[in-house]
Amino acid sequence: MSHRITGISGLKRYVDLSDDEADEIERASREFRWAITPYYASLMDRKDRNCPIRKQAIPSARELEDVLGEEDPLHEEKHSPTRGLIHLYPDRVAFCVTNRCAMFCRHCVRKRIVGKRDYNLSQGDLAKGIRYIREHEEVRDVLITGGDPLVAQDAWIESLLREIRAIDHVEIIRIGTRTLCTMPQRITNELCDILSRYHPIWINTQFNHPKEITEEAAAACDRLLRAGVPLGNQSVLLRGINDDTDTMKKLVHSLVKIRVRPYYLYQCEVVRGTAHFRTPVERGLEIIQSLQGFTTGFAVPRFVVDTPIGKVPVAPQNIVARDENSVTLRNYEGKVWQLPNSVNWR
Ligand SMILES: *Cc1c(COP(=O)(O)O)cnc(C)c1O
Ligand code: SF4
């Protein structure tokens with residue numbers, strides 16, 4: 001964390017930058033902060049401006065050319081009973097306990113809170129969130145997120161886990177973190193020991209491109225898996241980075257090889273400063289269609305569009321006709337099959 005790259009001169013150790021590009025970075029960074037871990041920077045292509053690692057990490061002047069983007073497209077602030085806590089679904093909450101991240105991804109959905117002045121929630125705000133969870137017995141699933149909660153100190157993480165685990169009706173604890181991808185060195189044996197004391201804990205991370213699946217990342221995943229933590233991946237569909245079927249297929253195959261289950265593929269949100277990454281919803285559908293049936297069932301993520309009314313799964317339509325006594329289904333190759341299926345079977 002303390003060696004992160006936050007200036008042009010540091011960045012020039014990893015990539016060749018023209019004066020124009022350096023000027024662009026300076027202009028964009030006045031609006032949107034940036035920081036890159038030395039590890040993630042080491043994956044960048046020195047010469048290629050279109051490198052998918054570079055595009056996710058290095059600010060672009062195109063971030064300033066966004067007329068549609070909103071600060072809070074998910075209206076998360078409206079669903080927040082206590083600071084950082086979001087209670088949108090009946091049985092689970094998201095708890096944004098910090099705005100700190102190892103890297104400030106250019107496409108981040110929480111650009112409004114991430115990359116401003118660093119903070120962890122205060123002890124008082126944490127206590128309010130935990131009290132809310134304790135008083136709401138319907139909450140059986142707590143997703144600790146941010147920012148990136150694993151950027152915090154071990155002791156801080158452990159005390160948070162201890163308090164949440166002490167609530168009887170909380171069945172599972174989930175952590176959302178991108179450190180597996182941007183700072184895999186964070187996954188120390190000590191951290192794994194802590195996590196293993198508060199099971200069931202599940203972790204979701206975010207790999208967006210096969211170049212990110214390195215030996216270091218695979219080793220970090222392996223440490224967590226050995227500590228009994230199931231791993232899922234939430235990719236973001238990003239124009240010019242992973243919005244083609246070959247890249248996505250390679251990504252999901254690389255993930256299952258390191259035992260990380262593709263969970264969601266997110267439509268890029270209409271967040272201010274991300275216009276150049278957006279694709280039409282149809283692109284996501286085409287990608288899912290190119291995977292479903294063509295590869296391992298569990299390698300296919302669910303394509304979701306997040307909205308103020310929640311995540312909406314968007315799937316290719318496979319029921320092509322229905323009458324009283326049958327349903328006609330289409331398979332991945334476009335073949336159809338009529339199946340006896342009465343409407344009176346209810
Ligand atoms: C995404 C999200 C969750 C978790 O949703 P799952 O579909 O169960 O993974 C919970 N709360 C909020 C506010 C979310 O945005
Ligand atoms: S790690 Fe997640 S929260 Fe942090 S900047 Fe990247 S996308 Fe946003």
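Reader: What covers the buried residues of α8?

Author: Helices (H or I, at least four residues) and strands (E, at least two) are DSSP runs, numbered from the N terminus. Buried means under 20% relative accessible area, exposed over 50%, and partly exposed in between (1.4 Å probe, protein chains only). Covering goes by contact, that is, heavy atoms within 4.5 Å. The cover over the buried residues of α8 includes α6 (154-165), β4 (172-176), β5 and α9.

Reader: What kind of model is this?

Author: Residues are numbered from 1 along each chain as its sequence is written, chains are lettered from A and ligands numbered from 1 in the order in which they are written, and side-chain values use heavy atoms, leaving out hydrogens and water. Local features need pLDDT of at least 70, side-chain atom pairs count only at pLDDT 80 or more, and totals for chains, interfaces and linings use all residues, as the model is predicted.

Reader: Within what arc do the buried residues of α8 fall?

Author: Those buried residues are Leu191, Cys192, Ile194 and Leu195. Seen down the axis of α8, they line one face of the helix, because they fall within an arc (of the directions from the helix axis to the C-beta atoms) of 160°.

Reader: How far apart are the end C-alpha atoms of α9?

Author: The expected span is 1.5 Å times one less than the number of residues. For the 12 residues of α9 (residues 215-226) that should give 16 Å, which agrees with end C-alpha atoms that are 16 Å apart: 16 Å.

Reader: What do the buried residues of α9 pack against?

Author: Ala217, Ala220, Cys221 and Leu224 are buried in α9. Seen down the axis, the buried residues fall within an arc of 100°, so they line one face of the helix. On the other side, Glu215 and Arg226 are exposed. The buried ones pack against α3 (38-42), α7 (179-182), α8 (189-196), β5 (201-205) and β6 (231-236).

Reader: Which residues have the most contacts inside the largest nonpolar core?

Author: A nonpolar core is a set of buried Ala, Val, Leu, Ile, Met, Phe, Trp, Tyr and Cys residues joined through side-chain atoms within 4.5 Å. The largest one has 77 residues, and those with the most contacts inside it are Leu11 and Ile36.
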